[in-house]
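Take a look at the protein below.

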Amino acid sequence: MGQVGKEVVYEGIPVSRGIVFGPLHVVARGFSAPEVHPIGNVPREIERFKEALRLTGKQLDGLRSHMESLSGNEEACIFEAHMLVLEDPIVLNGVPKAIRERHQNAEYCFYAVMQNQLESMRRIPDPFLRDRTADIEDVCQRVLRNFAAEENQSPGDEPDHQHILVSYDLSPSDTAQMDRHNVLGFATEQGSTNSHTAILARSLGIPAIVGLQNAVFNLHTLAPCILDGYSGKLIVDPTAETTTHYRELERGRKRERAKLDKLRDADAVTTDGRKITLSANIEFEHELKLVERSGAKGVGLFRTEFFLLEREECPNEEEQAALYSRVAKSVAPNDVIFRTLDAGGDKVPGEPLTEPEPNPFLGWRGIRFSLARKDLFKEQLRAILRAGVGRRIGLMFPLISGLGEVKAAKKLLADSMSELTARGVEFNQEISVGAMIEVPSAAMVAAEIAAEVDFLSIGTNDLIQYTLAVDRVNPRVAYLYRAGHPGVIRLIKAVIEGASQQRIWTGICGEMAGDLIMLPLLVGLGIDELSVGAPLLPLVKQAVRHLNYAECSTLATKCLLACETREIVRLCSAAAQAAYPELIDQGGGAEMDPSSC
Ligand code: PEP
Ligand code: MG
């Protein structure tokens, strides 16, 4: 964090590009930070604080009695523990002291004192204390709500004006449900580049930063700010000079985007004639407009789990078929590939589908879940088959670790077809079936898997995490998460070779597909398709059009012999710099502006 006069610059990791300007809205763990303002009448503020505590105590007592009558003393004890928080001298004495010393409003002083307390507790590696922080957060939320009730506000809700959200963390479902109009961009203290939260931000075109240390604690709701999703900077209270600089930068990016829009109907073809299919990754139906504008040759990955799991109840076959049909119709005459449910990992599914697991990325996720829940799986398969009538569609299975899973999934697909036939329901009998290669064991038997399917799509987000044993969402080990590791590159080559032995195509639908530094290598390895978030697609197309396939093949040969990541990255950077320096210098920053769709 650096300070220039009043302006304060926080630095994090950029995960979704774009520059936005607006007031902040700060959300601590589980509750929004109240606005802060100076006060003149200290006794009145202390009285407001006491009143909020009294009201909270009354509510907790009511909840305790209610719980006792329903399920007995043990559950009711939870609320007794909550009441103890209100009696803690840190609260009772600390908050009035803060009001007197800071001359700030009661809710903000309460918030600041509690945040301080929570931060110290989180640093103590004691599981009992950690559990207790959840109780305290709960009580904080209740007290803040009571302050707000008095003012007729709702602190837990999102503000009804445009803002930049700063939050301790955001789950993929928080991101999915974000109000795209009001949330201009977001920054979190936690998070990593390859989490689904970051992927969603890129897909939706929401500028975003993660890993912004101590931001929640130090920032105030409504402070004016600039979020720079290219460099990972959050500039609070920017000077007029900084604002002018960023406005100019943004204008430059817009000009670049306008140039790329002209490539909409052009092919992604290298200077010596090798065509790459560029398709788009989507999670939501509303992204289809962007897909169309991007010039994508279809949808290479539709992550169906966001549709299936973001509701209280899993949509039934009819509802699913209706959505998949609308998607297929919108993308026609191009293909759409539906990825069957990929529950688990960091995409926490709604109860009661799965339970928390100690190692969610190594546990019950992807195809493992679907093969165990045949009822849900077949319902989805039937819906996809029905949506494909008269259209070119595909489906693919996530997290395949070996041939057995492919065969088992195909058997259930055949059963689903028989069931539709028995019901007299029309479906697509020619649907193309693919396997996602995301686990090293599957990459090692790619040729055998390829014999069973019509295409392979490499999910590099997971392939990298499983090859290098690096949790893709853990910022502590993020420095080890390297797409250019020789182990990863050799596995990708093995998959492409396995597929070509069976004369089927191979694509990449992980984030590596949009990495402009790695692009010359992927082309040189012989990849057929790249599927990327729609906002990034025009930029990748422009880059492919600057590459020479023969040169990329030579690069690939060198990289396959390299033993160290840095050597591969050096070779790829040099190739990318030589082919499209202007795109690299922009930091790949000229992707489409989704707000203009
Ligand atoms: C991948 O793992 O690369 C992939 C595309 O799937 P997801 O990111 O949804 O796990
Ligand atoms: Mg994956």
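## Charges

This is a predicted model. The protein chain carries 65 positive and 82 negative charges, and their mean positions are 5 Å apart. Lys and Arg count as positive here, Asp and Glu as negative.

## Overall build

The secondary structure of the protein chain consists of 25 helices and 17 strands. The radius of gyration is 26 Å, close to the 25 Å that the globule rule gives for 597 residues, so the chain is as compact as a globular protein of that length. Along its principal axes, the C-alpha trace spans about 80 × 60 × 45 Å.

Of the 597 residues in the protein chain, 55% are buried. Buried means under 20% relative accessible area. The accessible surface of the chain is about 25600 Å². Carbon and sulfur atoms account for 51% of that surface.

## The magnesium site

Which residues coordinate the magnesium ion (ligand 2)? They are Glu438, through OE, and Asp462, through OD, at 2.0 to 2.1 Å. Where do Glu438 and Asp462 lie? Glu438 is in the loop between strand S14 (432-437) and helix H17 (440-444). Asp462 belongs to helix H19 (residues 460-468). The pair therefore ties together parts that are 24 residues apart in sequence.

Are Glu438 and Asp462 buried or exposed? Both Glu438 and Asp462 are buried.

Note on methods
Residues numbered from 1 in each chain as written. Chains lettered and ligands numbered in written order. Predicted model: local features only at pLDDT ≥ 70, side-chain atom pairs only at ≥ 80, totals over all residues. Heavy atoms only, no water. Helix = DSSP H or I, 4+ residues; strand = E, 2+ residues; numbered from the N terminus. Rg over C-alpha atoms; globule rule 2.2 N^0.38 Å. Buried < 20%, exposed > 50% of the residue type's maximum accessible area, 1.4 Å probe, protein only. Areas by Shrake-Rupley, 256 points an atom, 1.4 Å probe, with all protein chains shown as cover. Charge placed at Lys NZ, Arg CZ, Asp CG, Glu CD. Donors = N, O, S within 2.8 Å, 3.2 Å for Na, K, Ca; no water.
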